[in-house]
Amino acid sequence: MPLAHVKAGSAAGKRKATGIGPARRIAEELRAQNERFSAAVENMSHGLCMFDAEERMIICNRNYIDLFRLDAKVMKPGIRFFDILQHSVDIGIASQSAAELYAVRKPYIDGAKPSTYEETLADGRIIVISHRPLASGGWVSIYEDVTEQRRAEEELKEQHRRFDAALGNMSQGLLMYDADGKMIVRNQRFLELYKVAAADFPFGTTHRDALKRLLELGIYTKIDVDSEVAKTEACLRAGKMQSTYRYLADGRTFLVVRQPMSGGWVVTFDDVTERRRTEERMTHLAHHDTLTNLPNRSMFRERLDQALSEPKVAPLAIFSLDLDRFKAVNDTFGHPAGDWLLKCVAERLQRCLRSEKDVVARFGGDEFAIIQSNVRGAADAEKLAKRIVEVIGKPYRDKGREMHVGVSLGIALYPGDGQDADTLLTNADMALYRGKSEGRNIYRFFEPDMDAMVRERLALEADLEAALSKREFELDYQPILDIASGDIVGAEALMRWRSPSRGLVSPQDFIAAAEETGLIVQLGDWALRKACSAAAGWPRDVRMAVNVSAAQIKSGGFARSVISALAFSGLPASRLELEITETVMMDESDKVLKTLRQLRGLGVRIALDDFGTGYSSLGYLRRFPVDKIKIDRSFIHDLDKRDTAAIVRTVIGLGTELGITVTAEGVETEAQLDMLRKAGCGEAQGFLIGVPAKASEMSRLLRSREKLRQSG
């Protein structure tokens, strides 16, 4: 029987058994298939559209309609492909005309092979279209929105571009290792820093191999590879950054920093050769005197503390040294010569030492200190002291000039004179004070019952330090007279210390101690502010003169203190006069000159006090133009002497020529005032004009003179 008949018979039997006709069964199977097909199509993540050979749509899914923002009512089976394109143009989703879009698609429709292409919609979205021809004619297209994917790809490309740019422009070399310890990134700077080729460090090189290669190339002179690898592995396990200095054979220094990261680590290489040299220089400068290159006070103290902390401390001698007649050299020959002399003294002191453990340091100015180690009693220390006195006392010759200085020494012995650094240094200073009081070119050992003068000085310094907080200081004001008009044009603020235990202490007794202890800066700030506040209540044509020490100006914050005092009091800068001595002018440092010029630029007047008592006053006037010079009271006292009178007239004439006000101090008689008036002196100050008085008394004096002037 033919197979078709058998099948037909079987089918007939089945129909008879089930009672379902063939047409109905086929329809149900077709419906089930269509449902499954529709479900599959509708649940696709992509858009789908199928067309027949006549370019009419057979079916499309919802994703296709949503993707192109099409109207579902328009998208009915049978709609022509061209009409769909026109619809997309009408709703603004297409970026070209329907004809242009159709011309692009037509080659794919007519083609007999699958193809894929992209289309960019008017809103910027990117659609990938996969075209597949059907055997019966027509085609099916799959549509995928890849906008976000393309954006992510572009961002990734941009990140790669930035990463490459960063790597290429880094000042540091960089290597990156993966979790297996193999190199996966290497920038050009690494190759440049180490002066190697890329072939020397190919990707995949391990940390160990890289270290070995650097040794083979002679870049590293000595390094324990196993130890370095172990350190790095321990660092990575702990998740901590590791930094190491690498010293190259060519003298350069690299800072190598390893930083753990997820799945490996990154290493940076930085050439810090100059930075390290600078740090070493800064460290050296922090511990050494810039002029003589000797250890400074800080370094000396470290060495002394170190010597005293050793398990078995050998006997030591501590020397405190101070040059004699050094100021005379400075005043006579100037600062450059003084600096040259200090360097010569430093060299001679170093030659006097016999042991490498001995230390000579410069504490500042003409102060030096020495640690003599392994001292066998006072005789060894005395032997060194005599040698120093002899060597330092020999003449110094420079550029045809001969200079002479001496040295005084104070000596304290360990352990007899002290068990710690502070005690030893203090006792050596006490011995030095004793020697200074007895003469010059002398050395003295510390003695427990040392001169009461030294102890009194230390007690004075202690009381002085507490006096400011206890408000024991006062200001008196001495008037300054304009000789021609007879008017009081200003006053000088004079500091007074009324101590409960000492009574009224003379400035000559405490100012020097305040300068040595550094308390003068605080005292000076207090006096400046108080004086400006007092002057703010005086007539507008009356100036306030305030004395300023060299230590204040060198402190670094003096200009700010002046500006603050003026702002706090409301006193105009033109009414403030700062009196400086030649000690300030002798320091020609940029800081001092800059500070004085800054204040003068604000309108503050600068007066040179005690003019004529130094050696180089005329030179100071040439280097820094002041507003006033004050003739020292010693000249006014001897004004009746012919030579002194000549000097005073010369100074007054000099002031007139330079346009500088000249004030005579210490005027006590009418005869003196008359002589100054005839010589053309501008101002006078002294007991004849008025004794120092409280601010309230000064105010009354100024008010009474103001009334007299107005009534006259």
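On a 1 Å grid over the protein atoms alone, a pocket is an open set of points where a 1.4 Å probe fits, with protein on both sides within 12 Å along at least five of seven lines; lining residues have an atom within 4 Å of a point. Grid points are joined across faces, edges and corners, and a volume is the space filled by probe spheres set on the points. This is a predicted model, where local features need pLDDT of at least 70 and side-chain atom pairs count only at pLDDT 80 or more, while totals for chains, interfaces and linings use all residues. Residues are numbered from 1 along each chain as its sequence is written, and side-chain values use heavy atoms, with hydrogens and water left out.

**The second largest pocket**

The second largest pocket has a volume of about 1000 Å³. Its lining has 35 residues, and E492, P507, I511, N547 and D609 lie nearest its centre. The elements that give two or more residues to this lining include the strands β18 (473–482), β19 (488–499), β21 (543–547) and β23 (605–611), and also the helices α17 (507–517), α18 (520–535) and α19 (550–554). Helices (H or I, at least four residues) and strands (E, at least two) are DSSP runs, numbered from the N terminus. By class, the lining has 14 nonpolar, 11 polar and 10 charged residues. Here Ala, Val, Leu, Ile, Met, Phe, Trp, Tyr, Cys and Pro count as nonpolar, Asp, Glu, Lys and Arg as charged, and the others, Gly among them, as polar.

**Helix packing**

Two packed helices are described by the angle between their axes and the distance between the axes. Axes are lines fitted to C-alpha atoms, for helices over the stretch in contact, and angles run from 0 to 180 degrees between N-to-C directions.

| Helix pair | Axis distance | Angle |
|---|---|---|
| α18 and α20 (558–569) | within 8 Å | roughly 30° |
| α25 (642–658) and α26 (670–679) | within 10 Å | roughly 45° |
| α8 (207–216) and α9 (225–238) | 10 Å | about 145° |

How are α18 and α20 oriented to each other? They are roughly parallel, a term for angles under 35 degrees, whereas over 145 counts as roughly antiparallel, 65 to 115 as roughly perpendicular and the rest as oblique. The crossing of α18 and α20 is right-handed, meaning that the near helix is turned clockwise from the far one by less than a right angle. In this contact (heavy atoms within 4.5 Å), residues including D525, L528 and R529 of α18 meet a set in α20 that includes S561, V562 and F568. The contact divides into 6 nonpolar, 4 polar and 2 charged residues.

α25 and α26 are oblique to each other, and their crossing is right-handed. A645, V648, R649 and I652 in α25 meet M675, L676 and A679 in α26; this contact has 6 nonpolar, no polar and 1 charged residues.

α8 also passes α9 in a right-handed crossing. H207, R208, L211, K212 and L215 of α8 meet V225, D226, E228, V229 and T232 of α9, giving 4 nonpolar, 2 polar and 4 charged residues.

**Backbone details**

Most residues other than glycine have a negative phi, and most peptide bonds are trans. Y414 and P415 are joined by a cis peptide bond, with omega about 10°; P415 lies in the loop between β16 (406–414) and α15 (421–438). E55 has a positive phi, near 65°, and sits in the loop between β1 (47–51) and β2 (57–60).
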